[in-house]
Amino acid sequence: MNQAPAMPGTRSIGTVAMRWHGSSLELLDQRLLPDQEVWLRLDTADAVAGAIRDMVVRGAPAIGISAAYGAALAARTASGENWRAQVDHSIRVLAESRPTAVNLFWALKRMQEILAGCSTRADAIEQLGLAAVSIHQEDLAANLAMAEHALMHMKTDQPVSVLTHCNTGALATGGYGTALGVVRRLHEAGMLVNAFADETRPWLQGSRLTSWELTRDGIPVTLNADSAAATILASGKVSWVIVGADRITANGDVANKIGTYSLAVLARYHGVGFMVVAPSSTVDMALASGREIPIEERDGQELRRVRELPMAPASVAVFNPVFDVTPAALVDVIVTEKGVVSRPDVAGMTRLFG
Ligand code: MRU
């Protein structure tokens, strides 16, 4: 397989972020979009871990899928009698790349379980490769299922406008997207007037990636500064705020890109629905609430500069948490491939995720 997994029917899954070649992984360098489309070819787990850390690839599901391919590469590059210890070590390195998206740990745990069942390195090369491709394919299938569930839940008979945050599209997943998959599905069904895309400071996933992805696929999108979201919601133009997630805890709290929490507050104030769309690999039933989620803080340079351009004094102190936690009480519905949880709480989450 050297592209995204095969799609049922003819539906477009958007621009893929990853290409697996069996002995190497190609990643579209998302740091350079939208002005340059550069593919990087990686052939070691360490290189994949570096690419995740440096945001060549990002978005919770895409991080998990890439890490799975990284583990498969580790089996290829391992050698000698202690090959298994080398693969274990690489899996630990991959796990240290980013802390918040639980999809990373979910995928690596699955790879570790496969590894435990392999008796030879040749077996591990084959089985880990197959497992990584399955993780990729399952994510795409989950996205398609979630989009159907979301549309059924929205029960809209009129075309609607929505507002989204960060990038949750084909670039952030195995293809199609989570929240952006719902946007794609609305468009395919002739039910989308417009998608407002928050620019998503400071890394600009909304302006650089979401508006690029949607424009490229002919889906109506309007880019707005994050601070314009209140005005847009107050205008009454938007029926749903739709976002993805990096981790959802047992009580329905949702960690997602910084700024999601403020959108949820705004949505509740303006009587706009707030929908979270994420595969079950984003659900972490081991954590009781969002207070337990490790929130990544990134380098202050991401705020002080945009690419190489200074935007602040070089020495200014910076607070740069890149995720926040939206309390379950502000979430109207969580949509997963397994079904939806309305007004999420422990009981609703347990019903679907045990
Ligand atoms: O820092 P990023 O770009 O990896 O953050 C991505 C997000 O917060 C997404 O909303 C989330 O991972 C869901 S992607 C389908």
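C166 sits in the loop that runs between β4 (160-164) and α6 (179-188). This is a predicted model, and in it the phi angle of C166 is near 65 degrees. That is a positive value, and the residue is not a glycine.

The bond joining L33 and P34 is cis, with omega at about 5 degrees. P34 falls in the loop between β2 (25-28) and β3 (39-42). The other bond joins R201 and P202, and it is cis too, with omega about 5 degrees. Here the proline, P202, is in the loop between β5 (192-198) and α7 (205-216).

How many residues surround it? There are 18, and the closest are R58, A60, D246, N256 and K257. By class, the shell divides into 7 nonpolar residues, 7 polar ones and 4 charged ones.

As for where the shell comes from, domain 1 (18-141) and domain 2 (145-353) each contribute at least three residues. In terms of secondary structure, α2 (60-77) supplies at least two residues of the shell, and so does β9 (254-257).

Next, the oxygen atoms of the ligand and the side chains facing them. For K257, a polar side-chain atom lies 2.7 Å from a ligand oxygen. For R98, an N or O atom of the side chain is 2.9 Å from an oxygen atom of the ligand. Q205 gives the value 2.9 Å as well, again between a side-chain N or O atom and a ligand oxygen. And how much of the ligand does the protein cover? On its own the ligand has 410 Å² of accessible area, and the protein covers 100% of that.

On the backbone side, the items to keep in mind are the positive phi at C166, the cis bond between L33 and P34, and the cis bond between R201 and P202.

Terms used
Residues numbered from 1 in each chain as written. Predicted model: local features only at pLDDT ≥ 70, side-chain atom pairs only at ≥ 80, totals over all residues. Heavy atoms only, no water. Near = heavy atom within 4 Å. Polar contact = N/O pair within 3.5 Å; in protein donor to acceptor, adjacent residues only side chain to side chain. Areas by Shrake-Rupley, 256 points an atom, 1.4 Å probe, with all protein chains shown as cover. Helix = DSSP H or I, 4+ residues; strand = E, 2+ residues; numbered from the N terminus. Nonpolar A, V, L, I, M, F, W, Y, C, P; charged D, E, K, R; others polar. Domains from an automatic or database assignment.
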